[in-house]
Amino acid sequence: MANTAKHNRDEVIQKATMLFWEKGFHSTSMRDLQDRIDMRPGSIYAAFGSKEGLFKEALKFYVENSFEKLEGCTKEYSPLRALKQFFVSVVICNDEQRPTEVCMLVKTLTELPPENAELIEEAKGYLKGMEDLFASLLTQAQEEGELDSSKDTRRLARYLQMQLMGLRTYARTNADKESVKQLIDDVFESIRF
C-alpha cells in the first residue's frame with residue numbers, strides 16, 4: 001500500500017465517504033479525491049485498487065456508522081423507542097459532518113446506471129441489512145409488549161425503511177423541524193395499532 005503509511009486509512013475512508021456522499025460516485029473525480037484525501041491517484045489505486053474499491057470502502061464506512069448510531073439508541077431506549085430515536089437522529093438532528101440529508105445508499109441507487117451493477121448490489125445489500133436490523137428490533141418490541149404481536153415485523157421493517165427514505169428527502173425540502181418531527185411521530189403511531 002504505497003503511501004498509506006503516511007495516511008491513516010480510516011481517516012482517508014472517512015474523508016472519501018463525505019465526498020462521495022456529497023457529490024455522488026460519478027460526479028466525484030480522481031482530482032476531487034486527490035484534493036480531499038491528500039493522496040495521489042497512484043496511491044489511491046495502490047491502497048484501494050480503484051475508485052470503485054474506495055467507494056465500496058466508503059459505503060461500508062457509512063453503513064457501519066449508521067449501525068453504530070442505531071445500536072447506540074438501543075442502549076438507551078426500548079426497541080420501538082430506539083427505532084424512533086434513530087429516525088430523529090438521522091432525519092432531524094443537525095450534524096455538521098453530514099454533507100446532505102439524503103441517505104448515501106439511496107443516492108447511490110438512484111445515481112448509478114446498470115453498468116455499475118456491482119456497486120448497486122453492494123448498496124442494496126446494505127439496505128437489506130438495515131431492514132433486517134429494523135425487523136429484529138420490531139420482533140424485540142413485540143416480545144416486550146411494545147408492539148402488537150400479530151404484526152408482520154418484516155413488512156413493518158420495509159415500511160419503516162421506506163418512510164425513513166421519504167422523511168429524509170422531505171426534510172431536505174422543509175426546514176420546519178417540528179413538522180418533520182410530527183411526521184416521525186405519525187409513522188410510529190401508525191405501526192403500533
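Colleague: So helices are DSSP runs of H or I with at least four residues, strands are E runs of at least two, and both are numbered from the N terminus. How many helices and strands does the protein have?

Modeller: Nine helices and zero strands. Along the sequence that reads α-α-α-α-α-α-α-α-α. Bear in mind that this is a predicted model, where local features need pLDDT of at least 70 and side-chain atom pairs count only at pLDDT 80 or more, while totals for chains, interfaces and linings use all residues. Residues are numbered from 1 along each chain as its sequence is written, and side-chain values use heavy atoms, with hydrogens and water left out.

Colleague: Okay. What box do the C-alpha atoms fill?

Modeller: Roughly 55 × 35 × 35 Å, taken along the principal axes.

Colleague: And what share of the residues is buried?

Modeller: 46% of the 193 residues. Buried means under 20% relative accessible area, exposed over 50% and partly exposed in between, with a 1.4 Å probe and protein chains only.

Colleague: What about contacts between residues 24 or more positions apart?

Modeller: They account for 67% of the contacts with a separation of 6 or more. A contact is heavy atoms within 4.5 Å.

Colleague: On to the inside. Which residues of the largest nonpolar core touch the most other members?

Modeller: Phe 20, Leu 33, Ile 44, Leu 54, Met 104 and Leu 105, out of 32 residues. Two or more residues each come from α1 (9–23), α2 (30–37), α3 (41–48), α4 (51–76), α6 (104–111) and α7 (117–143). Apart from this core lies another of 29 residues, including Val 88, Ala 141, Leu 164 and Val 187. By core I mean buried Ala, Val, Leu, Ile, Met, Phe, Trp, Tyr and Cys residues joined through side-chain atoms within 4.5 Å.

Colleague: Which residues does Met 104 touch?

Modeller: Setting aside residues up to four places away in sequence, Met 104 touches Thr 17, Phe 20, Trp 21, Phe 55, Ala 58, Leu 59 and Tyr 62.

Colleague: How many aromatic pairs turn up in a search of the whole structure?

Modeller: Seven. Rings of Phe, Tyr and Trp (its six-membered ring) pair if their centres lie within 6.5 Å; planes under 30 degrees apart are stacked, over 60 edge-to-face and the rest tilted. Take Phe 87 and Phe 134, a tilted pair at 6.2 Å centre to centre with 40° between the planes.

Colleague: Which parts does that pair tie together?

Modeller: Phe 87 is in helix α5 (residues 79–91) and Phe 134 in helix α7, so the pair joins parts 47 residues apart in sequence. Phe 87 is buried at a relative accessible area of 0%, and for Phe 134 the value is 0% too, so Phe 134 counts as buried. Ring pairs also link Phe 86, Phe 87, Phe 134 and Phe 188 into a cluster.

Colleague: How do α5 and α7 pack?

Modeller: At an angle of about 145°, with their axes 7 Å apart. On the α5 side, Pro 79, Leu 80, Leu 83, Phe 86 and Phe 87 make the contact; on α7 the residues are Met 130, Phe 134, Leu 137, Leu 138, Gln 140 and Ala 141. The axes are lines fitted to C-alpha atoms, for helices over the stretch in contact, and angles run from 0 to 180 degrees between N-to-C directions.

Colleague: How many residues of that contact are nonpolar, polar and charged?

Modeller: They divide into 10 nonpolar, one polar and no charged. Here Ala, Val, Leu, Ile, Met, Phe, Trp, Tyr, Cys and Pro count as nonpolar, Asp, Glu, Lys and Arg as charged, and the others, Gly among them, as polar.

Colleague: Switching topic: where is Asp 38, and is it buried or exposed?

Modeller: Asp 38 is in the loop between α2 and α3, and it is exposed, at 57% relative accessible area. Asp 38 also has a positive phi of about 60° although it is not a glycine. Most residues other than glycine have a negative phi.

Colleague: And Ser 66, what does it contact?

Modeller: Leaving aside neighbours within four places in sequence, Ser 66 contacts Phe 86 and Met 130. Ser 66 sits in helix α4 and counts as buried at 14% relative accessibility.

Colleague: Last one: which ring does the charged end of Lys 51 sit over?

Modeller: The ring of Phe 25, 4.5 Å from its centre. The cut-offs are NZ of Lys or CZ of Arg within 6 Å of the ring centre and within 35 degrees of the ring normal.
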